Amino acid sequence: MVFVETGCGVSTISLAHAGKDNNARIYSCDINTEKADELTTLSGDKIKNVEFLIGQSLASLEKIAAKHDTINFLFLDSAASAMYTFNEFQTVEKLLKPGSIVLIDNAAIPGERRLLSPVRKGKILVPYLLASPYWEVKGYPDAGDSMVSAIMRDTADYADPAYEDPEYIDHWRRYFAHELK
Ligand SMILES: C[S@@+](CC[C@H](N)C(=O)[O-])C[C@H]1O[C@@H](n2cnc3c(N)ncnc32)[C@H](O)[C@@H]1O
């Protein structure tokens, strides 16, 4: 098993714990050396099974992709950017196989009414996953800063044919207003 997180922190302790139970190879990718060092000092033996990859997570994920053919669990929680998070996902997308799980922090199912933190790491990735028939997607508005998980299935049964992005705006009237001027 291979478990990967981008953005270290308290989550690293949980990842290490879950990884121990699954005898997993665990990677934590973070750009902040001091944070990773302090976390290692504070956590002691709890995270000794975690391999830190320091630097831009996109580069670290490329290294992981060169070494492994599967990621079983991927937690995306680094830069506060929807595009960066989507790029992280795409960097390792080919390693995600049926049974692989992706967890995104600061993310919500589009249209979720609950007030969340202002960061929207899943703003691009979540609709992408929802559109795929192979990803089963679930929102957890009460977990972390609101999280979304997705598990890849081996049958193409999971796209919701009725799903439409509630934030989609049809600007057709603006076209006519412009034409009539
Ligand atoms: C929200 S914190 C992670 C919190 C942690 N996952 C937790 O739940 O405790 C975001 C982390 O991402 C790291 N980070 C931000 N931009 C990054 C990048 N481009 N590449 C790698 N790490 C990055 C920061 O240094 C920070 O430690």
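How many bridges join strand β6 to β7? In this predicted model, local features need pLDDT of at least 70 and side-chain atom pairs count only at pLDDT 80 or more, whereas totals for chains, interfaces and linings use all residues. Residues are numbered from 1 along each chain as its sequence is written.

Strand β6 (residues 135-140) is joined to β7 by 6 bridges, and the two run antiparallel. Here strands (E, at least two residues) and helices (H or I, at least four) are DSSP runs, numbered from the N terminus, and two strands pair if DSSP finds at least two bridges between them. Within this pairing, Gly139 stands opposite Val148 of β7. The two strands form a hairpin with 6 residues between them, and Gly144 in the turn has a positive phi of about 50°. Strand β7 (residues 147-152) also runs antiparallel to β5 (residues 101-105), to which 5 bridges join it; Ile101 has Ile151 as its bridge partner in β7.

Let us turn to the ligand. Its surroundings comprise 16 residues, the closest being Gly7, Gly9, Ser11, Asn32 and Ala79; a residue counts as near a molecule or strand if its C-beta atom, placed from the backbone, lies within 6 Å of it. Helix α1 (10-21) and strand β2 (25-30) each supply at least two residues of this shell.

Finally, Ile104 deserves a look. Its contacts, not counting residues up to four places away in sequence, include Leu76, Thr85, Lys121 and Val148; two residues are in contact if their C-beta atoms, placed from the backbone, lie within 7 Å.
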